[in-house]
Amino acid sequence: NNPLITYCSTTDLAELTRDIGIEQNRQEWIEVADLIDKLVPIRNAVMHNQLIDETTLELLFSLQEHIYSLLGNSS
């Protein structure tokens with residue numbers, strides 16, 4: 001467990017996930033990285049006290065479901 005990951009930006013997390021996927025030849029991790037990239041503008045909006053609309057909330061739930069599905073299938 002590396003406590004420095006706590007200080008990763010969302011973009012850094014996506015890059016790290018992508019690097020791991022490439023290194024381990026795991027396409028599902030690369031897909032997760034792509035989905036994390038889609039979270040970046042939403043995360044930035046929320047962290048800067050901007051409201052998100054219902055469409056964005058639905059996108060968050062969709063991304064969550066897709067990420068959980070990919071991670072659940074990675075063994």
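Below is a short tour, from the overall build down to single residues.

Keep in mind that this is a predicted model. The protein chain has three helices and zero strands, so its elements, read from the N terminus, simply go α-α-α. Of its 75 residues, 24% count as buried.

**The big picture**

- Along its principal axes, the C-alpha trace of the protein chain spans about 40 × 25 × 20 Å.
- Take the contacts between residues at least 6 apart in sequence: 49% of them join residues at least 24 apart.

**H1 and H2, side by side**

- Helix H1 covers residues 10-23, and its axis comes within 8 Å of the axis of H2, with a crossing angle of roughly 175°. That angle makes H1 roughly antiparallel to H2, because anything over 145 degrees gets that label.
- On the H1 side, the residues making this contact include Thr-10, Leu-13, Ala-14, Thr-17 and Ile-22. On the H2 side, look for Trp-29, Val-32, Ala-33, Ile-36 and Val-40, among others.
- Thr-17 is worth a click: this residue sits in helix H1, and it touches Trp-29, Val-32, Ala-33 and Ile-36, leaving aside residues up to four places away in sequence.
- Is Thr-17 buried or exposed? Its relative accessibility is 6%, so Thr-17 counts as buried, the cut-off being under 20%.

- Helix H3 runs over residues 54-72, which gives it 19 residues. From its first C-alpha to its last it reaches 27 Å, close to the 27 Å expected at 1.5 Å a residue.
- Which residues of H3 are buried? They are Thr-56, Leu-63, Ile-67 and Leu-70. These four cover an arc of only 65° around the axis, so they end up on the same side of H3.

**The nonpolar core**

- The largest nonpolar core has seven residues, namely Ala-14, Val-32, Leu-35, Ile-36, Leu-63, Ile-67 and Leu-70.
- H2 and H3 each supply at least two residues of this core.

**Two asparagines in the loops**

- Asn-25 is found in the loop between H1 and H2. Its phi is near 55°, a positive value in a residue other than glycine.
- How accessible is Asn-25? With a relative accessible area of 71%, Asn-25 is exposed.
- Asn-49 lies in the loop between H2 and H3. Asn-49 isn't a glycine, yet its phi is positive, at about 60°.
- At 72% relative accessibility, Asn-49 counts as exposed, because the cut-off is over 50%.

Conventions. Residues are numbered from 1 along each chain as its sequence is written. This is a predicted model: local features need pLDDT of at least 70, side-chain atom pairs count only at pLDDT 80 or more; totals for chains, interfaces and linings use all residues. Side-chain values use heavy atoms; hydrogens and water are left out. The expected span of a helix is 1.5 Å times one less than its number of residues. Buried means under 20% relative accessible area, exposed over 50%, partly exposed in between (1.4 Å probe, protein chains only). The arc is that of the directions from the helix axis to the C-beta atoms. A nonpolar core is a set of buried Ala, Val, Leu, Ile, Met, Phe, Trp, Tyr and Cys residues joined through side-chain atoms within 4.5 Å. Axes are lines fitted to C-alpha atoms, for helices over the stretch in contact, and angles run from 0 to 180 degrees between N-to-C directions. Angles under 35 degrees count as roughly parallel, over 145 as roughly antiparallel, 65 to 115 as roughly perpendicular and the rest as oblique. Contact means heavy atoms within 4.5 Å.
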